[in-house]
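Trainee: I would like to know how the labels for a model like this are decided. Please take me through them one at a time.

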Amino acid sequence: MLLIPKNMSNNAIVRNNVKILGQGTETLLFGHGFGCDQNTWRSILPAFEKDYRLIVFDYVGAGSSDLSAYTDERYSSLDGYAQDIIEICSELQLQDITFIGHSVSSMIGLLAVKQAPQFFRNIIFIGPSPRYLNDDGYKGGIDASDLNDLLDVMDSNYLGWSRMVAPLIMANEEDPQLAQSLTASFCATDPEIAKKFARVTFLSDNRKDLSLLNIPSLTIQCEEDFLTSKVVADYIQQHIPDNRLVMLPSKGHCPHLSDPQGVINAIKSFI
Amino acid sequence: MNKDTINKNLNSDFLYDQLPSGFISYHPDGRILRVNETFSKWLGITIEDIYQLNFRAILNNGSALYYSMVIDPLLNLQSTANEISLTFKSANGEIDALLNAVSYKDDLGNLILINATVQKITDRKRYESALLQEKRHAEEEKRRFEFLSNTVPNQIWTIAPDGTCIYVNQKIKDYFGEQPMDYYTEFRGIAAGDRERCYKAWKTCMATEKIFAREIRMTGVSKKEEWFFVSIEPYFNKEGQIESWFGSSTNIHKQKSLQIANYSSLKLSLSSAQKTLDENKQLFFNIAMNQSHMIRRPLANILGLLQLLEDEELPSSSQNLFDLLRTSVQELDEMIKNASKPSGIITE
């Protein structure tokens with residue numbers, strides 16, 4: 001059910017394909033990671049529908065966002081994506097929200113809190129990394145040459161992209177309304193924008209921003225994650241005051257898909 | 001080939017292991033559960049050793065990143081992912097391949113297995129890489145064109161054959177605003193007085209494939225009307241078809257204003273000269289009228305006397321002189337008549 005207040009500016013709401021679900025008063029705002037869109041949350045949303053107001057959206061370039069809103073100038077750094085979150089919060093007049101970000105969205109959320117702390121009460125990171133590339137004395141896990149390889153693979157899959165993400169009807173027997181309210185195509189991302197987003201994601205360095213976070217935060221991390229690691233999770237814990245860490249026994253970079261119950265439990269125990 | 005050999009080659013285990021396609025089954029966390037001999041040979045690793053590896057570990061780093069970020073979530077959300085271009089690490093280097101994967105879930109909706117085929121495309125990939133290089137080169141050229149078009153002082157744009165705007169340079173955005181038009185009829189930058197005439201001319205140029213070149217008044221964000229010289233030329237591809245139109249406009253407002261001012265001044269001078277000319281013509285006419293009148297009076301007398309002499313019987317020796325005199329007088333009369341009607345003014 002869409003609960004957008006009437007007579008208000010809705011540029012970001014339309015631009016970012018914002019959907020509002022759930023019946024609660026407390027708000028959970030979900031930010032998807034690189035390579036997918038708001039559909040990535042479908043396995044965990046039903047667990048929060050009865051008690052929370054749930055807001056999902058697509059970053060510009062992903063899913064059903066307004067592709068024409070993409071400008072190199074705005075989205076050449078994660079700050080531009082953080083601005084998307086702030087504008088959504090502002091247009092929906094949100095307060096005391098919990099932001100839940102997957103992968104790169106963790107740091108985008110962190111930047112949003114830094115720029116507009118008035119909207120946020122808590123922040124949850126799923127598979128976060130303040131810097132993906134290895135650096136002196138820091139093991140992000142990825143070398144600069146890996147980024148070039150990734151861009152090559154993305155180029156190779158350019159033609160097959162639309163076929164790969166062909167629209168399908170999403171089955172969700174527990175909550176057919178939820179299924180209908182989300183878009184029917186998965187992880188559809190404009191290939192050109194995706195390449196730029198990949199570059200921005202992997203060249204970002206938010207290590208200095210960690211210590212500036214002054215609201216409670218939770219890190220949810222898989223034991224084995226190709227894109228990040230326990231070492232990175234520990235680094236975050238060391239540099240963010242009041243950060244809790246939940247290590248899930250599952251493997252992979254998307255525990256909300258591979259281990260939804262583990263993620264649901266971790267979030268519920270935190271909020 | 002005898003029947004036993006045929007049956008052996010149709011045996012499903014034989015087909016699984018020997019078909020010229022790789023087969024691999026793995027757990028969602030990457031644990032490899034089964035591979036066929038073909039794939040094992042391609043990787044140059046024994047089947048037993050492959051079982052000790054994670055699926056992501058047999059991909060090169062770029063492919064592993066891509067798989068983790070894009071394909072892994074996709075196989076959680078939908079049951080198939082087709083024609084994924086990936087690069088596998090092998091004992092002898094790398095193998096470029098296309099992966100077609102099917103994912104399976106248990107009754108609780110948990111992903112439990114992924115079965116995939118792997119098709120080696122090393123040669124095709126080489127060709128694809130060459131195409132990609134060309135694509136990147138074309139993109140680089142496009143960036144170069146856009147950079148150059150932003151450094152020149154002119155407004156530059158390109159238009160598709162159907163009239164859709166493809167590109168505008170920064171100078172246009174600075175002058176007319178961020179997104180001045182998608183289609184030529186939407187462009188409101190042309191001053192109202194010139195707009196319809198320009199649209200009509202441009203439409204004709206598109207239909208006839210002729211160059212558009214005009215001096216046009218335009219209005220930008222400053223709301224000030226200025227003169228521009230606008231030129232739009234068709235770019236023909238190798239097949240002789242218009243691929244796009246290249247437009248440029250130069251601000252000629254100063255020169256045009258000066259030209260208009262000079263023209264006004266010249267017009268004023270010409271009007272003054274014309275007035276003087278007309279006055280002089282009138283003066284000359286009046287003088288001619290007076291002089292004509294003064295000369296023609298004695299001439300009329302001479303003509304009268306000649307008429308009287310005509311009635312007299314003149315000696316034959318004088319008759320020739322009389323005829324000569326009459327002809328000369330008539331010629332003089334004609335000459336005076338002509339001299340008194342300048343510029344086609346009839347004085348009679």
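Mentor: Start with contact: two residues are in contact if their C-beta atoms, placed from the backbone, lie within 7 Å. In chain B, of the contacts with a separation of 6 or more, 40% are between residues 24 or more positions apart. This is a predicted model, in which local features need pLDDT of at least 70 and side-chain atom pairs count only at pLDDT 80 or more, while totals for chains, interfaces and linings use all residues. Residues are numbered from 1 along each chain as its sequence is written, and chains are lettered from A and ligands numbered from 1 in the order in which they are written.

Trainee: Why does Pro234(B) count as partly exposed?

Mentor: A residue is buried if 20 or more other C-beta atoms lie within 10 Å of its own, exposed if 12 or fewer, and partly exposed in between. Pro234(B) has 19 C-beta neighbours inside 10 Å, so it counts as partly exposed. In chain B, 21% of the 348 residues count as buried.

Trainee: Which residues does Pro234(B) touch, leaving out those up to four places away in sequence?

Mentor: Pro234(B) touches Glu209(B), Ile242(B) and Trp245(B). Pro234(B) itself is in strand β9 (residues 225-236) of chain B. Strands (E, at least two residues) and helices (H or I, at least four) are DSSP runs, numbered from the N terminus. Chain B has 10 helices and 10 strands.

Trainee: What makes β6(A) and β7(A) a pair?

Mentor: Two strands pair if DSSP finds at least two bridges between them. Strand β6 (residues 217-224) of chain A and strand β7 (residues 243-251) of chain A run parallel and are joined by 7 bridges. Within this pairing, Gln221(A) stands opposite Met247(A).

Trainee: What hand does the β-α-β unit of β6(A), helix α9 (residues 230-239) of chain A and β7(A) have?

Mentor: That unit is right-handed. The term applies if, with the strands pointing away from the viewer, the path from the first strand over the helix to the second runs clockwise.

Trainee: How confident is the predictor in chain A?

Mentor: pLDDT is the predictor's confidence in each residue, from 0 to 100. Chain A averages 84, and 85% of the residues score at least 70. Over residues 160-185 of chain A, however, pLDDT is below 50, and the model gives this stretch 44 contacts beyond near neighbours in sequence. Residues 1-8 of chain A also stay under 50. Where pLDDT is low, the predicted coordinates should not be read in detail.
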